[in-house]
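Have a look at the rings first, then read on.

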Amino acid sequence: MMKTTEINIRDPYILVQGGKYYLYGTRSATCWGTADGFDCYVSEDKENWKGPIEIFHRPEGFFADQNYWAPECIYYEGAFYLITTLGGSDRKKGIYVLRSEQPTGPFEVYSERITPEDWACIDGTVYIEQGVPYLIFSHSFEDTPDGDMCLLKMSSDLKQAEGEPVTLFSAAEAVWAKPVPFAKAEFGMDGDVYFTDGPCVMKMEDEKLYMTWSSWSTCGYAVGVAVSDSGKVEGPWRQLEEPLFPENGGHGMLYKDDDSMKFTLHYPNDKYKERPIFRTVVLKDGKLKLEER
C-alpha cells in the first residue's frame with residue numbers, strides 16, 4: 001500500500017466506481033522524455049492506495065514513445081475508456097482512446113488519432129451532452145500562441161471525430177493567465193505565448209457549466225475557471241477573473257463524491273515532486289471555491 005504523499009504523478013484523474021477510487025495520472029519520472037505506459041492506483045479512502053498497477057504498456061512497434069500524458073478514465077456504455085495524449089518522434093502530439101473491460105486494465109489501443117493530424121493537441125476530456133460525446137482539448141501553443149481550448153464532436157462509439165473542431169476560448173482572454181516567461185528559452189518562440197491545458201467540465205446546481213483549466217499565472221502554474229451560462233458545452237464561455245488555485249499547482253479535475261463536489265490537482269508543480277491533493281469545491285455567488293477535504 002502507498003500513501004497519497006508517496007504517489008508521484010502529474011495530471012491526477014479520479015474515477016469513482018463501485019465504492020472505490022481509481023486514480024490515474026502522468027508518470028512524473030517519464031513526463032518529459034521517453035515514456036511507455038500508464039498506471040492506476042486504487043483506494044477506498046483516498047489516503048491508502050494499492051498500486052501502481054500498470055494498465056497500459058507500449059506495444060512492440062507502437063508509434064508513441066513520448067508524451068504519455070493526462071490519462072482520463074470514463075465508464076461509458078459498458079466499458080472503460082482511457083482518453084489520453086500520446087506523441088512520437090515522427091508526429092505531433094494528439095488525443096487517442098484506449099479501451100478495457102476493467103478500470104485497472106489492461107487497456108488496448110482503441111481509436112486512431114481523434115484530433116487533427118496537423119495539430120499539436122494535448123489533454124483531452126470527454127463531456128456527454130444529451131447523449132452526444134464531445135472532446136474538449138487544448139490546441140497547443142506551438143500552433144496557437146494565444147493557447148486555444150477547442151471542442152470536437154465524437155462518434156457515439158468514441159472511435160473518431162465527427163465534423164471540425166471549434167475554438168471555445170483562448171488563454172489570452174483570461175485576466176489571471178499570463179504569458180509564459182520561458183517561451184524564448186525553452187521553445188524558441190518570440191512574443192507573448194500562452195497555454196491552456198487540463199480542461200474539466202461539470203454542470204453545477206445552478207445549471208451552468210463550469211470548466212476548470214490551467215495556464216501560467218503570476219505565481220507559476222495555476223487553475224482558473226470558465227463558465228458557460230447557457231449550460232451548453234459550446235458556450236459562449238466567459239472567464240472568472242480570480243484563479244481557483246493560484247500558485248505552483250495545476251491540471252485539476254472535478255468529480256462527485258458522497259453528494260458533494262471534489263477537486264484534485266497536482267501540487268507542487270516541481271519536477272519529480274508532484275503529488276495529488278484533494279479538496280472540496282463549493283459554488284458560491286456564481287464562483288467555485290476550494291475548501292479543505
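1. Trp 32 is partly exposed, at 48% relative accessible area (buried is under 20%, exposed over 50%, partly exposed in between, with a 1.4 Å probe and protein chains only). Trp 69, by contrast, is buried at 14%.

2. A caveat on sources: this is a predicted model, where local features need pLDDT of at least 70, side-chain atom pairs count only at pLDDT 80 or more, and totals for chains, interfaces and linings use all residues. Residues are numbered from 1 along each chain as its sequence is written, and side-chain values use heavy atoms, leaving out hydrogens and water.

3. How many aromatic pairs are there? The count is 19, taking rings of Phe, Tyr and Trp (its six-membered ring) with centres within 6.5 Å; planes under 30 degrees apart are stacked, over 60 edge-to-face, the rest tilted. Trp 32 and Trp 69 have ring centres 5.9 Å apart and planes at 65°, so they pair edge-to-face. Trp 32 is in the loop between β3 (20-27) and β4 (37-43) and Trp 69 is in strand β6 (residues 66-76), so the pair ties together parts 37 residues apart in sequence.

4. Phe 169 and Trp 213 make a tilted pair, because their centres are 5.2 Å apart and their planes at 50°. Both are buried: Phe 169 at 1%, Trp 213 at 0%.

5. Phe 38, Phe 56, Phe 62, Phe 63, Tyr 68 and Tyr 96 are linked by ring pairs into a cluster. Over the ring of Phe 63 sits the charged end of Arg 91, 4.1 Å from the centre (the rule: NZ of Lys or CZ of Arg within 6 Å of the ring centre and within 35 degrees of the ring normal).

Terms used. Helices (H or I, at least four residues) and strands (E, at least two) are DSSP runs, numbered from the N terminus.
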